[in-house]
Amino acid sequence: MSMTEAELERVQKTGIKGVRNTFTLPVPNGWFGVAQSDEIGPGEVCNKHYFGQDLVVYRTESGVPHVLAAYCAHLGAHLGVGPGAQLSREPGPGRVSGDCIACPFHGWRYDGTGRCVEIPYSEGRIPENARVRGFPAIEKNGLILAWHHLESKPPAWDLPDLPEFADPDWVGPIYTDRYIDTSLQDVTENDQDTVHFLYVHGTETIPEQETRFEGRTRYTVGPRRDGGTFSRETLQLGYGVLRVPDSVAFVYASSPVDEEHTHQRWVFAYPRSIGDEAGREIIDAFSKSGIYHDIPIWNHKVYKDRPLLVQGDGRIMEYRRWARQFYTLPEGSDTAEG
Ligand code: FES
Ligand SMILES: [Fe+2]
């Protein structure tokens with residue numbers, strides 16, 4: 001296959017062509033961030049791409065968020081791309097109509113589950129299959145999240161509202177985000193890979209963390225460079241909360257753009273009492289120095305289904321076994337068992 005322009009540019013710049021499509025698992029199941037709460041006002045539509053597909057995220061006039069697959073069942077128009085301004089060829093936004101999104105091409109109206117509830121110009125019956133895939137959506141801790149299940153099964157768990165985001169004594173939500181050229185599972189494997197802190201992040205020693213895997217949840221307590229500790233509660237693959245007592249709480253929400261690409265959002269809150277300057281410094285410490293050095297490694301690595309692990313490597317395979325519960329895999333598959 002010939003290279004895209006972006007790939008060619010990358011080869012010329014870095015001398016690395018890279019090997020793509022090395023991740024062996026599908027898009028995982030769970031709640032994944034698809035938009036910041038402040039990105040979409042009532043009656044607005046946003047176009048997004050997650051789970052390997054084009055999506056529309058819209059808010060009803062009364063403020064409820066919905067997430068639908070983007071392409072109309074009728075003649076395939078994108079629900080979030082309307083005509084632009086008069087005498088312009090530039091696209092305009094999608095259109096919300098009450099609790100529905102209205103297709104810009106012929107006006108079919110879809111409700112928040114993806115069912116077509118009105119074909120305004122037709123007196124005939126609405127066909128049974130006049131629907132697009134709807135993704136259950138919730139709004140928590142500053143993000144709109146959609147439930148993705150490979151076989152479209154309904155949500156199997158909920159996520160909590162974190163007290164810091166509702167507390168007037170805390171400042172937030174404050175957003176940071178980044179795109180990463182590797183799978184969601186690879187990105188969060190970093191937490192269990194304690195050795196890399198020495199080489200990538202320049203810690204003096206390999207940090208000693210305590211981790212407990214318990215069903216869907218993974219608890220970690222670990223040291224901070226300033227001598228304090230942090231606690232991390234991962235509530236599913238790609239979503240959880242990290243807390244440093246009296247200092248910061250942040251939601252880490254990583255979403256699969258597709259099998260091999262991840263959009264990572266971290267949503268911060270800090271206690272008003274520490275002041276904005278200290279709050280900003282803590283956020284920068286996590287979201288810049290805490291992660292920038294990981295990115296080149298992630299963007300250029302391949303996935304080793306059976307990595308060559310040695311004594312001292314930490315609990316990487318245990319993490320992968322824990323992660324396996326978030327995938328729908330073909331019967332009899334032994335992928336990711338290692
Ligand atoms: S393509 Fe959507 S209504 Fe015709
Ligand atoms: Fe890291």
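Reader: Which residues of helix α6 (residues 316-323) are buried?

Author: Let us start with the idea: a residue is buried if 20 or more other C-beta atoms lie within 10 Å of its own, exposed if 12 or fewer, and partly exposed in between, with C-beta atoms placed from the backbone. In α6, the buried residues are Y319, W322 and A323. Helices here are DSSP runs of H or I with at least four residues, strands are runs of E with at least two, and both are numbered from the N terminus.

Reader: What should I know about the model and its numbering before I go on?

Author: The model is predicted, so local features need pLDDT of at least 70 and side-chain atom pairs count only at pLDDT 80 or more, while totals for chains, interfaces and linings use all residues. Residues are numbered from 1 along each chain as its sequence is written, and chains are lettered from A and ligands numbered from 1 in the order in which they are written.

Reader: Where do the buried residues of α6 lie when seen down the helix axis?

Author: An α-helix has 3.6 residues a turn, so residues three or four places apart point the same way. In α6 the buried residues fall within an arc of 100°, so they line one face of the helix; the arc is that of the directions from the helix axis to the C-beta atoms. These residues pack against α2 (184-189), β15 (210-214) and β16 (217-223). Contact means that the C-beta atoms of two residues, placed from the backbone, lie within 7 Å.

Reader: How many residues of helix α1 (residues 5-14) are buried?

Author: The number is zero of ten, so α1 lies largely in the open. After α1 comes G15, with a positive phi near 75°.

Reader: How do I read the overall build of the chain?

Author: Begin with the elements: the protein chain has six helices and 20 strands. Its C-alpha trace spans about 70 × 55 × 40 Å along the principal axes. The radius of gyration is taken over C-alpha atoms, and the globule rule is 2.2 Å times the number of residues to the power 0.38. For 338 residues, a compact globule would have a value near 20 Å, and the 22 Å of the protein chain agrees with that. Of the 338 residues, 31% count as buried.

Reader: Which domains does the chain have?

Author: Domain bounds come from an automatic or database domain assignment. For this chain, the assignment gives domain 1 (38-148) and domain 2 (163-326). On the side of domain 1 that touches domain 2, there are three nonpolar residues, four polar and no charged. In this count Ala, Val, Leu, Ile, Met, Phe, Trp, Tyr, Cys and Pro are nonpolar, Asp, Glu, Lys and Arg are charged, and the others, Gly among them, are polar. Seven residues of domain 1 are in contact with eleven residues of domain 2, and the centres of the two domains, taken over C-alpha atoms, are 33 Å apart.

Reader: Where is N141 found?

Author: Look in the loop between β12 (137-140) and β13 (143-148). Two strands pair if DSSP finds at least two bridges between them. β12 and β13 are antiparallel, with four bridges, and I138 stands opposite L145 in β13. Another antiparallel pair is β2 (residues 45-50) with β3 (residues 53-59), joined by six bridges. There, C46 stands opposite V57, and F51 in the hairpin takes a positive phi near 60°.

Reader: Is the peptide bond from G172 to P173 cis or trans?

Author: That bond is cis, with omega near 0°. P173 belongs to strand β14 (residues 170-180).
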